[in-house]
Amino acid sequence: MIPRSANPCQTPSWRSALGDAFVCPEALIDYLELDRSLLPGARTAAARFGLRVPRTYAARMEKGNPRDPLLLQVLPMGAELEHHPGFGTDPVGDLAAVTSPGLLHKYQGRALLIATGACAVNCRYCFRRHFPYQDAAGGSQRWRGALDYLRREPGIREIILSGGDPLMMADARLAELIRALETIPHLARLRIHTRMPVIVPERVTDGLLASLKNTRLRPVIVIHCNHANELSGEVHRPLQRLRDAGGTLLNQSVLLKGINDSPEAQIALCESLFETGVLPYYLHLLDPVQGAAHFEVRREDAIELHQRLRRRLPGYLVPRLVQELAGAPAKMPL
Ligand SMILES: *Cc1c(COP(=O)(O)O)cnc(C)c1O
Ligand code: SF4
């Protein structure tokens, strides 16, 4: 339900923030006062998978630092064009798991709905960077097939809204989808996988909070944050409001070379998450997606890093180190 105070004709501030995002490598490089030698690589890679960086996110990067851990997640680079054996376009077998347009049913008890293909930010390591959203993503008409499937599968207790980023949908559309899901009696939990509260904190609107408060489904919000610097002050209040609306807040991150592959970076991330009321959930090994090989951390190094975290953090702040394998019955612990 949209609160009466919200004017439906007004553009929400998060939409304006998206419209104002950097989409041109040159503008981002100049804004961050970086060397223009980065430009040719950035332009070539961006021609394959576009640059998209909201200013709210760019503002948390350090000017003049080409190794900034937030910048490296989003800046297109020449290295993306190199071919590496074993790195493909459908690394986790998603295409085989599409049961009806927009719905992935891989694991028992939960199904994942690709609510939209759009994202607020383009992460260079994204495992769905080649995913054919046009074919597989559901519009409201196509949701019907997904909803019918869910209705027929009483074993499914949890629906995961993913994408893309499901919070790219307008509040009214999201509310409509949640209302439809609610009518399926065996569904108990609504999980939302989103990077929005971190990238564009304004997205946590009264309308969104109302939808979460009003549904009988238990909401779980899994944010996606890879580095403590992403959790600036402006992110705290929206996360708190999500929690106040009844959401259980978890974080998933991807282990990325040169970004968060040191014990210090991981400890700072886990502790900052806790400060903002979020528990670490998964630390994913990079999916071998074409164009992202330069982010790969070797398996042995990942395991060693994880062991160090176990020694230095309380158990509840250690994320589960997992890998997604095509055809496996769950995310696989390492
Ligand atoms: C990751 C994923 C899930 C959720 O797995 P959990 O271990 O419950 O977090 C569900 N469905 C698909 C298709 C997934 O990729
Ligand atoms: S927000 Fe998630 S789905 Fe979107 S580009 Fe980043 S990693 Fe991929």
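Visitor: What do the buried residues of helix 10 pack against?
Guide: They pack against helix 8, strand 5, strand 6 (218-224) and helix 11. This is a predicted model, in which local features need pLDDT of at least 70, side-chain atom pairs count only at pLDDT 80 or more, and totals for chains, interfaces and linings use all residues. Residues are numbered from 1 along each chain as its sequence is written, chains are lettered from A and ligands numbered from 1 in the order in which they are written, and side-chain values use heavy atoms, leaving out hydrogens and water.

Visitor: Which residues of helix 10 are buried?
Guide: Gly207, Leu208, Leu209, Ala210, Ser211 and Leu212. Buried means under 20% relative accessible area, exposed means over 50%, and partly exposed lies in between (1.4 Å probe, protein chains only).

Visitor: How are helix 8 and helix 10 oriented to each other, and why?
Guide: Helix 8 and helix 10 pack at an angle of about 10°, with axes 9 Å apart. Axes are lines fitted to C-alpha atoms, for helices over the stretch in contact; angles run from 0 to 180 degrees between N-to-C directions. Under 35 degrees counts as roughly parallel, over 145 as roughly antiparallel, 65 to 115 as roughly perpendicular, and the rest as oblique. Helix 8 and helix 10 are therefore roughly parallel.

Visitor: Which residues make that contact?
Guide: Asp171, Leu174, Ala175, Ile178 and Glu182 come from helix 8, and Gly207, Leu208, Ser211 and Asn214 from helix 10. Contact means heavy atoms within 4.5 Å. By class, four of the residues are nonpolar, three polar and two charged. Nonpolar covers Ala, Val, Leu, Ile, Met, Phe, Trp, Tyr, Cys and Pro; charged covers Asp, Glu, Lys and Arg; the others, Gly among them, are polar.

Visitor: How do helix 10 and helix 11 cross?
Guide: Their axes come within 9 Å and cross at roughly 25°. That makes helix 10 roughly parallel to helix 11. The crossing is right-handed. A crossing is left-handed if the near helix is turned anticlockwise from the far one by less than a right angle, and right-handed if clockwise.

Visitor: Which residues meet there?
Guide: Asp206, Leu208, Leu209, Leu212 and Lys213 of helix 10 meet Arg241, Leu242 and Asp244 of helix 11. Four of these residues are nonpolar, none polar and four charged.

Visitor: What is the strand order of the open sheet?
Guide: The 10 strands have the order 1-2-3-4-5-6-7-8-9-10, with mixed pairing. Strand 1 (98-100) and strand 10 (332-333) stand at the edges, each with a single partner strand, so one side of each has no neighbour in the sheet.

Visitor: How do you know that strand 4 and strand 5 pair?
Guide: Two strands pair if DSSP finds at least two bridges between them. Four bridges join strand 4 (residues 158-162) to strand 5 (residues 189-194), and the strands run parallel. Helix 8 packs on the sheet here, touching strand 3 (110-114), strand 4 and strand 5, and its direction makes about 160° with that of strand 4.

Visitor: What makes strand 7 largely enclosed?
Guide: Six of its seven residues are buried, so the rest of the structure largely encloses strand 7. Strand 6 pairs with strand 7 in the parallel sense over five bridges. Strand 7 (residues 248-254) also pairs with strand 8 in the parallel sense over five bridges. Strand 8 (residues 279-284) is mostly covered, with five of six residues buried.

Visitor: Why is methionine 77 called partly exposed?
Guide: Its relative accessible area is 21%, which is not under the cut-off for buried, so methionine 77 counts as partly exposed. Methionine 77 lies in the loop between helix 5 (71-74) and strand 1.

Visitor: How is glutamate 271 classed?
Guide: At 41% relative accessibility, glutamate 271 is partly exposed. Glutamate 271 lies in helix 12.

Definitions and conventions. Helix = DSSP H or I, 4+ residues; strand = E, 2+ residues; numbered from the N terminus.
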